[in-house]
Amino acid sequence: MPNVLAPSIRTWLTEVYGLRYPIIGAPMFLVSYEELAIAVSEAGGLGTIPLPNYRDVEALKQALAVIRRATHEPVGVNIHLSGRFEWRAQLAACLDAGVGFFITSLGDPRKIMDDVHASGGRVFPDVVSLSQGLKSRDAGADGLVAVGAGAGGHGGTVPIPVLVPYLLAETGLPVIAAGGISTGAQMAAALALGACGVVVGTRLIATPEARASAAYKAAVIAAGPEDIVFSDRITGNGANWIRQSIERVAQSPEIGSRRWRDIWSAGQSVAQVARLLPAGEIVQEMARTYGEACAALRRTLPEDNPQT
Ligand SMILES: Cc1cc2nc3c(=O)[nH]c(=O)nc-3n(C[C@H](O)[C@H](O)[C@H](O)COP(=O)(O)O)c2cc1C
């Protein structure tokens, strides 16, 4: 990492979590484990892990202990509340380890709200629509993760420039933008829309810290946005996939099957992923180019540009 850090960026999210940058390393199934979360949090963002990555609560406790030994910075988790996982025991393990940032998906966020709030944490459900946003608000959510069109994983269908201001205006909750954000200029666009932070997934697959295979990382680097297909064929819900990886799949593997390792999800921002870089360098580069993008915008205003 460079000796001189990019200047900090201040939003509601950075203030409440004490972050240097409003950059959340996405929880990614079979990709984001301890190493990636630690690298993002140590670089000034907020690293996360998805709890389904851990086969049981004991494995999760060990992972949280590894994270706690490596960093004192905040980290977050994605907890699935569908009932397929032991979410009560998972929640207790996370709260014991001091986790204060919860992204919920698949299930009613009310299940964890009181316990998380009692320990000083906050809950941010993944939402793709206004109806999900309003339900989350009524459930007591502290903010929303707006998952836009083109996002890696289970993406939505409404693009971020529409979804973020829509959710902000209609729910009044803080909104974090997820989907298609891999560069500082894209982060500047999201913050200009009113987002208090961004979730970066696809770009962080092409890092040494991600536990994706070398072939998967190479495919993310090689792919263009036209290679990303939105399909509900694999999981039953619409998600974005690298075309070549799902063309090989006749039917969805069993839960827990190793074959999932060869089914590669990624978002359209593969367009901005040109090479493998350490996650900390990506956070720094995004923060630096965010500053450049803001400066370029300022030059478009007549009062800051006497020649026009
Ligand atoms: C391979 C992959 C796996 C993902 N798995 C999860 C997951 O388990 N839980 C979750 O909340 N989001 C998951 N996501 C979505 C991300 O958290 C995030 O919303 C998304 O990657 C942001 O869009 P981007 O990929 O365009 O940066 C996944 C995304 C990818 C690319």
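## Close-up views of a predicted model

**View 1. Helices α6 and α7 make a right-handed crossing.** Helices and strands are DSSP runs numbered from the N terminus, with at least four residues of H or I for a helix and at least two of E for a strand. This is a predicted model, where local features need pLDDT of at least 70 and side-chain atom pairs count only at pLDDT 80 or more, while totals for chains, interfaces and linings use all residues. Residue numbers start from 1 along each chain as its sequence is written.

So how do the two helices sit? The axes of α6 (residues 130–138) and α7 (residues 160–171) come within 10 Å and cross at roughly 40°. Axes are lines fitted to C-alpha atoms, for helices over the stretch in contact, and angles run from 0 to 180 degrees between N-to-C directions. That makes α6 and α7 oblique to each other (under 35 degrees is roughly parallel, over 145 roughly antiparallel, 65 to 115 roughly perpendicular, and the rest oblique). On the α6 side, look for Leu130, Gly133, Leu134 and Arg137; α7 brings Tyr166, Leu167, Glu170 and Thr171. Being in contact means that C-beta atoms, placed from the backbone, lie within 7 Å.

**View 2. Helix α2 meets helix α12 in another close-up.** The axes of α2 (residues 34–42) and α12 (residues 279–298) come within 8 Å, crossing at roughly 35°. This crossing is right-handed. Leu36, Ala39, Val40 and Glu42 of α2 meet Ala279, Gly280 and Val283 of α12.

**View 3. Eight strands line up in an open sheet.** Read across, the order is β1-β8-β7-β6-β5-β4-β3-β2, with parallel pairing. Pairing takes at least two bridges found by DSSP between two strands. At the edges you'll find β1 (23–25) and β2 (47–50), each pairing on one side only. Neighbouring strands are turned by 25° against each other on average, direction ignored. Zoom in on β3 (residues 75–80) and β4 (residues 101–105): they pair in the parallel sense over 5 bridges.

Technical notes
A crossing is left-handed if the near helix is turned anticlockwise from the far one by less than a right angle, and right-handed if clockwise. Two residues are in contact if their C-beta atoms, placed from the backbone, lie within 7 Å.
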